[in-house]
Amino acid sequence: MSNTNELTVDVRGSLCPKPVIETKKVSDANPDAIITTIVDNEVSRDNVEKFGKSRGYDVAIGQDGIDFFIKLTPNAERREAIYNLFHQ
């Protein structure tokens, strides 16, 4: 049985910075969750990807038609950094 928390941020039709802001809100509230952000333009795809990498997520991008699916998966290094941040 998996305790993995998977969340979706559907911001199709939105231009930056909204996709990054909405993804950040979900990330901040759920730091251990796998987050899939759905966008429909390349600029938002690229910016959400940059955000994910800057936060230490493993990032995978898929495409279905005009929609991009950016999957942000927390990695062990990021979890350790979060733990160390609050337990110094």
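**Exercise 1. In this predicted model, determine how S3 and S4 are joined and in which direction they run.**

Solution. 
- Step 1. Count the bridges: S3 and S4 share eight.
- Step 2. Read the direction: S3 and S4 run antiparallel.
- Step 3. Look at the connection. Two residues lie between S3 and S4, which form a hairpin. Gly-65 in the turn has a positive phi of about 65°.

**Exercise 2. Find which strands pair with S2, and in which direction each pair runs.**

Solution. 
- Step 1. Start with strand S1 (residues 6–10), which is joined to S2 by five bridges and runs parallel to S2. Glu-6 stands opposite Ile-34 in S2.
- Step 2. Follow the chain between these two strands: it leaves S1, passes through H1 and reaches S2, a β-α-β crossover that is right-handed.
- Step 3. Turn to S4. Five bridges join S2 to S4, and this pair runs antiparallel. Here Ile-35 stands opposite Leu-72 in S4.

**Exercise 3. Decide whether the residues of S2 are buried or exposed, and sort them by the way they point.**

Solution. 
- Step 1. Sort by direction. Ile-34, Thr-36 and Ile-38 point one way from S2, while Ile-35, Thr-37 and Val-39 point the other way.
- Step 2. Apply the cut-off for buried, under 20% relative accessible area. The residues of both groups are buried.
- Step 3. Conclude. Six of the six residues of S2 are buried, so the strand is largely enclosed by the rest of the structure.

**Exercise 4. Describe H2: its span, its buried and exposed residues, and what lies at its ends.**

Solution. 
- Step 1. Check the span. H2 (residues 42–54) has 13 residues and reaches 18 Å from first C-alpha to last, close to the 18 Å expected at 1.5 Å a residue.
- Step 2. List the buried residues: Ser-44, Arg-45, Val-48, Phe-51 and Gly-52. Down the axis of H2 they fall within an arc of 130°, so they line one face of the helix. The general rule is that an α-helix has 3.6 residues a turn, so residues three or four places apart point the same way.
- Step 3. List the exposed residues on the other side of H2: Glu-42, Val-43, Lys-50, Lys-53 and Ser-54.
- Step 4. Identify the cover. The buried residues of H2 are covered by elements including helix H1 (18–29) and strands S2 (34–39), S3 (57–64) and S4 (67–74).
- Step 5. Inspect the ends. Asn-41 caps the N-terminal end, with a side-chain oxygen 3.4 Å from the backbone nitrogen of Val-43. Just after H2, Gly-56 takes a positive phi of about 85°.

Key
Residues numbered from 1 in each chain as written. Predicted model: local features only at pLDDT ≥ 70, side-chain atom pairs only at ≥ 80, totals over all residues. Heavy atoms only, no water. Helix = DSSP H or I, 4+ residues; strand = E, 2+ residues; numbered from the N terminus. Expected span 1.5 Å × (residues − 1). Buried < 20%, exposed > 50% of the residue type's maximum accessible area, 1.4 Å probe, protein only. Arc of directions from axis to C-beta. Contact = heavy atoms within 4.5 Å. Polar contact = N/O pair within 3.5 Å; in protein donor to acceptor, adjacent residues only side chain to side chain. Pairing = 2+ DSSP bridges. Right-handed = clockwise from strand over helix to strand, strands pointing away.
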